[in-house]
Amino acid sequence: MEGPSGEGRSGGGRSRRLLVLRHAKSAWPEGVPDRDRPLGPRGLRDAPAVGRFLAGAGGLPDLVLCSPARRARGTWELAAAELDRAVPTRHDPRLYGADGPELLDVLHGVSDEVETLLLVGHNPGLEDLVLLLASGAADADQDLLDRVRTKFPTSAVAVLTWYGAWADLRPGAALLTDLAIPRGVRDSS
């Protein structure tokens, strides 16, 4: 039975937000394994801009799930430095190289105490996840979905919302409400 707030007894009817962040632009040093690639100069500029975007986006995440790859960790560390409080962070090896359905499986394990989750990872899996969750939604913003289909660039942040428990999240159940591509200011010197 749901109460006036729309929240069921299990807490499953609560409003949820998923922030999907593709790591900032990485470097491609010769002989460095993919997992160990660092951020490049543009990534070092853009990652703090992501943090400033998150700080002004109407509520920080309750939890961050971040790929253990060096470029994803570096993106989150630089973004987090721009926030006014620390956010609990878990580095989850399942996020590295995962496709959309595999990422959805990870989301199904998120505690219902988490209302806003930030997922930091890689393409093409993140783009697949956003399209999987938001395509076919009744109120889908086709322009935003087309932007994701065209390109989900480095440092992009997709914002999805829905009502329900993480374990119950299904394809087409979320609404894509924003797609931001925060960019840092290039040093003119």
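This is a predicted model: local features need pLDDT of at least 70, side-chain atom pairs count only at pLDDT 80 or more; totals for chains, interfaces and linings use all residues.
Residues are numbered from 1 along each chain as its sequence is written, and side-chain values use heavy atoms, with hydrogens and water left out.

The protein chain has 5 helices and 6 strands, taken as DSSP runs numbered from the N terminus (helices: H or I, at least four residues; strands: E, at least two). Read from the N terminus, the order is β-α-β-α-β-α-β-α-α-β-β. The C-alpha trace spans about 60 × 35 × 30 Å along its principal axes. For 189 residues a compact globule would have a radius of gyration near 16 Å, and the protein chain agrees, at 16 Å; the radius is taken over C-alpha atoms, and the globule rule is 2.2 Å times the number of residues to the power 0.38. Of the 189 residues, 50% count as buried, meaning under 20% relative accessible area with a 1.4 Å probe, protein chains only. Among contacts (heavy atoms within 4.5 Å) between residues at least 6 apart in sequence, 77% join residues at least 24 apart.

Now for the helix pair. The axes of α3 (residues 100–108) and α4 (residues 125–134) come within 8 Å and cross at roughly 75°; that makes α3 roughly perpendicular to α4, a label covering 65 to 115 degrees. Axes here are lines fitted to C-alpha atoms over the stretch in contact, with angles from 0 to 180 degrees between N-to-C directions. On the α3 side the contact is made by G100, P101, L103, L104 and L107, and on the α4 side by G125, L126, D128, L129, L132 and L133.

Helix α2 (residues 70–80) has R71, A72, G74, T75, W76 and A79 as its buried residues. These pack against β1 (15–22), α1 (41–55), β2 (63–66), β3 (89–91) and β4 (116–121).

Two backbone spots stand out, because most residues other than glycine have a negative phi, and most peptide bonds are trans. The peptide bond from N123 to P124 is cis, with omega near 10°, and P124 sits in the loop between β4 and α4. S155 is not a glycine, yet has a positive phi of about 70°. Found in the loop between α5 (142–150) and β5 (157–163), S155 is buried, with a relative accessible area of 0%.

Definitions and conventions:
Angles under 35 degrees count as roughly parallel, over 145 as roughly antiparallel, 65 to 115 as roughly perpendicular and the rest as oblique.
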